[in-house]
Each structure stands twice: as structure tokens, then as C-alpha cells.
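Visitor: I'm new to protein structures and would like a tour. Could you take my questions one at a time?

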Amino acid sequence: MKQHIAIIHFNTPELTVACIHSIRKHGCYWPITIFDNSNERPFTKKMAGVTILDNTKGQIVDFKAELDKFPDKNIQIGGYSAEWPSTKHMLSVQKLWELLPDGFILVESDILVKKDIRVLWDENYAAVGGRQAVGGLQAPRLLPMLCYLNVPVLVANGAKYFDPKRTFGLLADGKDRNNWYDTGAVVLEDIVKTKPQLVALLYTHITHF
């Protein structure tokens, strides 16, 4: 399996550059793919081993078309000034499952790592990362800030990262639990439901990286 890192970028090029430098500083020189969803400040810096996928105009994932499929979406839950960041993030990662079929370590663009993240790559598991337990209707999730996604195993067992039936604010009813799946919740639920074929190595927090 080809080892890879993926970063979703949105209008913060300085932070993304710093994130990449922190990854390299601690010994990881794997290829990095940046999925650029910026609408104001795209990522343009040339960096060794970094590939940019330009989705700034919806060339890869047309977010407007996807969001238009949900005319009754609940802006109080998922809208955040009508930008729908969680939905866009989930759709982007789901697309990366197609584009990087060997899997990848997903890294948030605004984090700095303090050690070698290659230890997260463990093909014995469907995913490796931090688990966030939440209250109320909201589903627990695999934190998207830093996690390994074993895409071939996940896909082979029917798991998803984005599921239109399990959303974050895309349904009308705010009391419907299916409306409370934030980024990383769908894939975690699919892993839990598919044991023993799918198993995740979960940390209570991921900040020690």
C-alpha cells in the first residue's frame, strides 16, 4: 500500500505551510496531497512532495450541487453562516477515498505535530486516531484532526465517510439523530457496526502528537 498524507485546505495557506513543515521536521517525507477548497486564499506554494488538487471552483466536488440536494437542511445545526463546513469536509474526504485508494493519514491544515505521525499507519486496523465522545443526540466520531484511514479495508466492508442519510444538519428535523453526524462520525459508526471485519485503534485524545 502506498503511504500518503492528505490535507483539506481552506483559506489558511500560512497555517497549511506550517503544518507541512512540522510533519517534515519529525521525519515524515511521504507524499502529501492538498485538497484545496478555498474561496479566497488558495494554496499556491510550491513544496517538494506536495500535490495540490484544485477544487476552488468545484472542479472536483461541486458543493453547491451537493448541498442543493437537501432543500430542507437545518442551518441552525450545520450551516455556520451558510457555509456548511462539516458537509464540505466530509464530502472532500469521501472523494479522497477515490483519489487515494491505498489510504492516507488525514491531517487538519491548522495543526502542528510534535512527533513522527507515521506511527499512526497500522494496516491491522480500519482506522487509527482519537475518539470524541459527545452528549445529546450527537454521534461519537473519529476526530478528523489527525487519523489514519485504511481506505481499501473500509471500502471493502461498505464503510463511508459521508452518508446523506447520516448528516450534520442536512435534514430538516433537529431532533432526528440522523441529523447529528459531524465529521468522522459516520465512519466510526460503520467501523463499530462491522466488527470483527473492521476494528479501529482509538485514543481518548490525539494531542500527544
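Guide: Happy to! Keep in mind that what you see is a predicted model.

Visitor: Let's begin with the backbone. Which peptide bond is cis, and where is its proline found?

Guide: In general, most peptide bonds are trans. Here the bond from Lys195 to Pro196 is cis, with omega near 5°. As for its place, Pro196 sits in the loop between α6 (185–193) and β7 (200–203).

Visitor: What is the phi of Asn11, and is Asn11 buried or exposed?

Guide: Most residues other than glycine have a negative phi. Asn11, in the loop between β1 (5–9) and α1 (13–25), has a positive phi, near 65°. Buried means under 20% relative accessible area. Asn11 has 14%, so Asn11 counts as buried.

Visitor: And Trp84: what is its phi, and is it buried or exposed?

Guide: Trp84 lies in the loop between α3 (75–78) and α4 (85–99). Its phi is positive too, near 55°. With a relative accessibility of 4%, under the 20% cut-off, Trp84 is buried.

Visitor: Which residues does Trp97 touch, leaving aside its neighbours within four places in sequence?

Guide: Trp97 is one of the residues with the most contacts inside that core. With those sequence neighbours left out, Trp97 is in contact with Phe104, Leu149, Val151, Leu154, Val155, Ala159, Lys160, Tyr161 and Val187.

Visitor: How many of the nine residues of α6 are buried?

Guide: The buried ones are Ala185, Val186, Val187, Leu188, Glu189, Asp190 and Ile191. Their cover includes α4, β5 (127–132), β6, α5 and β7. The helix α6 is largely enclosed by the rest of the structure, because its buried residues number seven of the nine.

Visitor: Now for the cysteines. How many disulfides are there?

Guide: A disulfide is a covalent bond between the sulfur atoms of two cysteines. For Cys28, the closest cysteine sulfur is in Cys19, 11 Å away, so that pair is too far apart for a bond. Cys147 also has its closest cysteine sulfur in Cys19, but at 13 Å, again too far for a bond. Searching the whole structure gives a count of zero.

Visitor: Are Cys28 and Cys147 buried or exposed?

Guide: Cys28 has a relative accessible area of 0%. Cys147 also has a value of 0%. Both fall under the 20% cut-off, so Cys28 and Cys147 are buried.

Visitor: What about empty space? Which residues are closest to the centre of the largest pocket?

Guide: Rolling a probe the size of a water molecule over the atoms shows where empty space is left. The largest pocket has a volume of about 660 Å³. It is lined by 29 residues, and the closest to its centre are Ile8, Phe10, Pro85, Lys88 and His89.

Visitor: Which element gives the most to that pocket's lining?

Guide: By class, the lining has nine nonpolar, 12 polar and eight charged residues. Two or more residues come from each of β1, α2, α4 and β6. The one that gives the most, with four residues, is α4.

Visitor: Last one: which residues does Glu66 contact, leaving aside neighbours within four places in sequence?

Guide: Glu66 lies in helix α2 and, at 22% relative accessibility, counts as partly exposed. Its C-alpha is 17 Å from that of Tyr181, which is 115 residues away along the chain. Beyond the sequence neighbours, the contacts of Glu66 are Val61 and Leu91.

Key
Residues are numbered from 1 along each chain as its sequence is written. This is a predicted model: local features need pLDDT of at least 70, side-chain atom pairs count only at pLDDT 80 or more; totals for chains, interfaces and linings use all residues. Side-chain values use heavy atoms; hydrogens and water are left out. Buried means under 20% relative accessible area, exposed over 50%, partly exposed in between (1.4 Å probe, protein chains only). A nonpolar core is a set of buried Ala, Val, Leu, Ile, Met, Phe, Trp, Tyr and Cys residues joined through side-chain atoms within 4.5 Å. Contact means heavy atoms within 4.5 Å. On a 1 Å grid over the protein atoms alone, a cavity is a set of points where a 1.4 Å probe fits but cannot get out, and a pocket is an open set with protein on both sides within 12 Å along at least five of seven lines; lining residues have an atom within 4 Å of a point. Grid points are joined across faces, edges and corners, and a volume is the space filled by probe spheres set on the points. Ala, Val, Leu, Ile, Met, Phe, Trp, Tyr, Cys and Pro count as nonpolar, Asp, Glu, Lys and Arg as charged, and the others, Gly among them, as polar. A disulfide is a pair of cysteine sulfur atoms within 2.5 Å.
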